[in-house]
Amino acid sequence: MLPSIRKTGSYTAPKNIDIRPLIEQTEKLLSAYKEVAPKAEAFDRIADASGNMTMEQAAKSLKMGRNTLFAWLRTHAYLDQANLPYQDYLARGYFSVCASIIKKGNREDVYSQTFVTPKGLARLATKVGAT
């Protein structure tokens, strides 16, 4: 660099720069983006949707069985043994719990059901697919 500055008074880049590798790399990145963009848009639509899903619906969306999903969620400490989500995951908005009363003869039992939110489904799609 110093000899170039001494000769010309300024530094100029060499004129024989091969930009073909940069063009090839840019084309590869662009094709990868075109492939992934629709999936990313669908993922964002799911995460921004409203309405909760039952565990069975969530399991079908994740291409697994309901009991397999419950077992995975318990193993990875999302749900306790009663299949209710831990408070941390409720607070993050991954799950919701709906309580209802079921009449059995003369008595009434309280029943809790866990639902997966769209945000939770998006999270599970990334986690379940990674394992």
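**Reading the model**

Analyst: At 26% relative accessibility, Asp 109 counts as partly exposed, because buried means under 20% relative accessible area, exposed over 50%, and partly exposed in between (1.4 Å probe, protein chains only). This is a predicted model, in which local features need pLDDT of at least 70 and side-chain atom pairs count only at pLDDT 80 or more, while totals for chains, interfaces and linings use all residues. Residues are numbered from 1 along each chain as its sequence is written, and side-chain values use heavy atoms, with hydrogens and water left out.

User: With which residue does Asp 109 form a salt bridge?

Analyst: Side chains of opposite charge can pair when their charged atoms come close. The criterion here is a side-chain nitrogen of Lys or Arg within 4 Å of a carboxyl oxygen of Asp or Glu. Asp 109 forms a salt bridge with Lys 104, with the closest N and O atoms 3.9 Å apart. Lys 104 is partly exposed, at a relative accessible area of 47%. A network of salt bridges links Lys 104, Arg 107 and Asp 109.

User: How many salt bridges does the rule give?

Analyst: The count comes to five salt bridges. One of them joins Asp 88 to Arg 92, whose closest N and O atoms are 2.9 Å apart; Asp 88 is partly exposed at 40%, and Arg 92 is partly exposed at 35%. Arg 20 forms a salt bridge with Asp 18, with a closest N to O distance of 3.0 Å. Arg 20 is exposed, with a relative accessible area of 56%, whereas Asp 18 is partly exposed at 42%.

User: In what order do the strands of the sheet lie?

Analyst: Strands of a sheet pair through backbone hydrogen bonds, either parallel or antiparallel. Helices (H or I, at least four residues) and strands (E, at least two) are DSSP runs, numbered from the N terminus, and two strands pair if DSSP finds at least two bridges between them. In this model, three strands form an open sheet in the order E1-E3-E2, with antiparallel pairing. Strand E1 (53–54) and strand E2 (95–104) are the edge strands, each pairing on one side only. E2 is joined to strand E3 (residues 107–116) by 10 bridges, and Val 97 has Thr 114 in E3 as its bridge partner.

User: Is Thr 117 buried or exposed, and which residues does Thr 117 touch?

Analyst: Thr 117 is found in the loop between E3 and helix H6 (118–130) and counts as buried, at 11% relative accessibility. Contact means heavy atoms within 4.5 Å. Leaving aside residues up to four places away in sequence, Thr 117 touches Asn 52, Gly 93, Tyr 94, Phe 95 and Ser 96. A polar atom of the Thr 117 side chain lies 3.0 Å from the backbone oxygen of Tyr 94.

User: Which residues other than glycine have a positive phi?

Analyst: Most residues other than glycine have a negative phi. Lys 63, although not a glycine, has a positive phi of about 60°. Lys 63 is located in the loop between helix H3 (55–61) and helix H4 (66–75) and is exposed, at 77% relative accessibility. Ala 77 also has a positive phi, near 60°. Ala 77 lies in the loop between H4 and helix H5 (87–91) and is partly exposed, with a relative accessible area of 40%.

Definitions and conventions:
Polar contact = N/O pair within 3.5 Å; in protein donor to acceptor, adjacent residues only side chain to side chain.
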